[in-house]
Amino acid sequence: MAENKRAVGASKEDLACAYLQKQGFTILQRNFRSRTGEIDIVCREGTYLVFTEVKYRKTAKNGAPEEAVGSAKQRKIFETARYYMARFGVSSDTDIRFDVVAILGENITLIRNAFSPLQKR
C-alpha cells in the first residue's frame, strides 16, 4: 500500500510540475530534503523563488487538499526553505513565496502565497 501511495504521490508531483511549467514557472528542484523536512517543488516565477507543496485528494470527502497543509507542516517547510537558501547561497533579499498546488480528482488549483512565515502559528 505504501508503495502505491508513493507512486500516486510521484505522479501527482509530475502533474503539478507540468502545470507549473505551463504557467511559466521554471522548476529548479524536486523533493528537496533536509533533516527538518521536504519541499515537493522548488521553482522560480519571475523574481520569486517559490517553495511549493503538492497535495492530492481523490475526493473532497476528507476536506480540500490545501487544508492538509497545517501549521506543523508549514513550520517544517519554512525550516527546510531556510536550509535550502543557506545551502545554495540564496540572498536573504530574494523574494520568496510559499505556494500550494491542490489537486482534487482531476482539477488542479495553484494557490499563490498559500501561507507566509510571518503568519501567526
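Hi everyone, and thanks for coming. Before the tour, a word on ground rules. This is a predicted model, where local features need pLDDT of at least 70 and side-chain atom pairs count only at pLDDT 80 or more, while totals for chains, interfaces and linings use all residues. Residues are numbered from 1 along each chain as its sequence is written, and side-chain values use heavy atoms, with hydrogens and water left out.

Let's start with the fold. The protein chain has two helices and five strands, and from the N terminus the order is α-β-β-β-α-β-β. The chain is as compact as a globular protein of its length, because its radius of gyration is 14 Å, close to the 14 Å that the globule rule gives for 121 residues. Helices (H or I, at least four residues) and strands (E, at least two) are DSSP runs, numbered from the N terminus. The radius is taken over C-alpha atoms, and the globule rule is 2.2 Å times the number of residues to the power 0.38. Along the principal axes, the C-alpha atoms fill a box of roughly 40 × 30 × 25 Å.

How much of the chain is buried? Of the 121 residues, 35% count as buried; that means under 20% relative accessible area, with exposed over 50% and partly exposed in between, using a 1.4 Å probe and protein chains only. As for contacts (heavy atoms within 4.5 Å), take those between residues at least 6 apart in sequence: 53% of them join residues at least 24 apart.

Now to the charges, where Lys and Arg count as positive and Asp and Glu as negative, with His and the chain ends not counted. The structure holds nine salt bridges, each being a side-chain nitrogen of Lys or Arg within 4 Å of a carboxyl oxygen of Asp or Glu. One of them joins Arg97 to Glu45, with the closest N and O atoms 2.7 Å apart. Arg97 sits in strand E4 (residues 95–104) and Glu45 in strand E2 (residues 37–45), so this pair ties together parts that are 52 residues apart in sequence. Arg97 and Glu45 are both buried. Arg97 also meets Asp99 in a salt bridge, at 2.9 Å from N to O, and Asp99 is buried too.

Lys12 is buried yet has no salt bridge. Which side chain of opposite charge is nearest to Lys12? That is Glu106, 4.8 Å away. Leaving aside residues up to four places away in sequence, Lys12 touches Val54, Tyr56 and Ile103.

Last stop, Ile111, in strand E5 (residues 107–115). At 24% relative accessibility, Ile111 counts as partly exposed. Beyond residues up to four places away in sequence, Ile111 touches Glu66, Phe98, Asp99, Val100 and Ala102. Ile111 and Val101 are 10 residues apart in sequence, and their C-alpha atoms are 6.2 Å apart.

That's my tour, so over to you for discussion!
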